[in-house]
Amino acid sequence: NIWMPPGSKVLYLGAASGTTVSHVSDIVGPDGVVYAVEFSPRSGRDLINMAKNRPNIVPIVEDARRPLKYRMLVDMVDCIFADVAQPDQARIVILNAKYFLKNGGHFVISIKANCIDS
């Protein structure tokens, strides 16, 4: 169980150019939505172009550390998928969860060893 069944709303942090976001889009299907947040303007352009062909993706080019900047674009979500590759990744997830994660919601975190202080 990856907490993203068809029809669910997912907040994807660290969307990059949208490759994995497109897979999540397929999983949640046409009745679901993926709010894809990416900080890099370059990757954000690719994300926006990819989302033009996928109506269930809402691309957001913004810093995931500042959820108040995109609060008007994101509904309450069933799941947060975090792929931000930052040492403070857990803090970023908690901050976004406070604003957007439904009661009883879940999160999935992609952890990269080179982003963790030893």
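## Helix α2

The buried residues of helix α2 (residues 41–51) are Gly44, Leu47, Met50 and Ala51; buried means under 20% relative accessible area, exposed over 50%, and partly exposed in between (1.4 Å probe, protein chains only). Seen down the axis of α2, these buried residues fall within an arc of 120 degrees, so they line one face of the helix; the arc is that of the directions from the helix axis to the C-beta atoms. Their cover includes α1 (19–28), β2 (33–38) and β3 (57–61), with contact defined as heavy atoms within 4.5 Å. Helices (H or I, at least four residues) and strands (E, at least two) are DSSP runs, numbered from the N terminus.

This is a predicted model, in which local features need pLDDT of at least 70 and side-chain atom pairs count only at pLDDT 80 or more, while totals for chains, interfaces and linings use all residues. Residues are numbered from 1 along each chain as its sequence is written, and side-chain values use heavy atoms, with hydrogens and water left out.

## Helix α3

Helix α3 (residues 89–100) has 12 residues and reaches 16 Å from its first C-alpha to its last, close to the 16 Å expected at 1.5 Å a residue (1.5 Å times one less than the number of residues). Gln89, Ile92, Val93, Asn96, Ala97 and Phe100 are the buried residues of α3. Viewed down the axis of α3, they fall within an arc of 130 degrees, so they line one face of the helix.

The face turned away from the buried side of α3 carries the exposed residues Ile94 and Lys98. Among the elements that cover the buried residues of α3 are β1 (9–13), β4 (77–82) and β5 (101–109).

## Leu13 in strand β1

Leu13 belongs to strand β1 and is buried, with a relative accessible area of 0%.

## Positive phi values

Most residues other than glycine have a negative phi. Trp3, in the segment before β1, has a phi near 65 degrees and is partly exposed, with a relative accessible area of 36%. Ala16, in the loop between β1 and α1, has a positive phi of about 50 degrees and counts as partly exposed at 33% relative accessibility.
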